[in-house]
Amino acid sequence: MRKSVFAALIGAVSRRLGRAGERRRGLGLRLLPRRNHDGWNFYCDPTRAKKEEKPKLPAAAAPAAQAPAAPAEKSYTQKIEEYRKELDELKYRAVLEPSPENVQAYMEAQQKMSRMAASFTDQWQRILFRTPSLDINTRFPMTQMGGSVYQDQMRVAREASLKDAAANLGFMVIVEDAAICGLCTPQLEVIRRMQEQYGIEPIVVTVDGSFHPLFPNAVVDTGQLKALKLADSPRPTIALVEPRTGTVEPIGSGLLTEDTILERVHVVTQIPAGQRY
């Protein structure tokens, strides 16, 4: 009888477990096996895939520190200015604190500067030796002998320019009463000597009608100077006037010597502007 009771009990348990299994299948539940942890895990949707975690990107490396730029090379102007400052500092220190060490330091620095200047001068002269286009001596002799020859040649050229100007242009001298113009009479004396020496015929114009014994036939201004734009010029004034066009070329005002008049007449009549030197 015990066997029959035990068999009946086993059968009842089997049937109950069978019905429980059917209910689980009807609910769509699945029992997962144990993996790395204890307990039971249930998923309502057996087809749902586990989301994959995105790999983390490595953190951006910090930019490498740039090496400091090399200092720019100093210009020659900066170098010479620094050298001068150093030389001045040594000089002022030697003056204010004239110890043997300070004075000697300045003397040595000054000597170094003198050697540099001497080297520069030597190179300058050597370049002139082999480059005549840079040597002013080819145009204006610098020696005493060359200077004398040059002056003689220039005087001949200037005298010729004066004669040519007096023959083709009006050589005008503007004066006024000697009581007002203290330089007018001395200027007329210079003009008188040049007239006798070079044969020029100056046109002496007196602004106020005053009489001048050296030039008794002086012309009295009656508006001509205003037309030539010379009415306001100082007295005395010398100018060259082109008679056909009325062009005026002032030579200068005040007391002018013979050499000065010769030089200026030559310059304004024979040498184009910008080519004198």
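**A walk around strand β1**

Let's start with strand β1, residues 170-175: 6 of its 6 residues are buried, so this strand is largely enclosed by the rest of the structure. Here, buried means under 20% relative accessible area with a 1.4 Å probe, counting protein chains only, while strands are DSSP runs of E with at least two residues and helices are runs of H or I with at least four, numbered from the N terminus. The model is predicted, so local features need pLDDT of at least 70, side-chain atom pairs count only at pLDDT 80 or more, and totals for chains, interfaces and linings use all residues. Residues are numbered from 1 along each chain as its sequence is written, and side-chain values use heavy atoms, leaving out hydrogens and water.

In a regular strand, side chains alternate between the two faces of the sheet. Both faces of β1 are covered, with Gly170, Met172 and Ile174 buried on one side and Phe171, Val173 and Val175 buried on the other.

Two strands pair if DSSP finds at least two bridges between them. β1 joins β4 (residues 237-241) through 5 bridges in the antiparallel sense, and Met172 has Ala239 as its partner there. With β2 (residues 203-206), β1 runs parallel, joined by 4 bridges; Met172 is partnered by Ile203 in β2, and Ile174 stands opposite Val205.

Stepping back, 5 strands form an open sheet of mixed pairing, ordered β3-β2-β1-β4-β5. β3 (219-220) and β5 (248-253) stand at the edges with a single partner strand each, so one side of each lacks a neighbour in the sheet.

Methods:
Buried means under 20% relative accessible area, exposed over 50%, partly exposed in between (1.4 Å probe, protein chains only).
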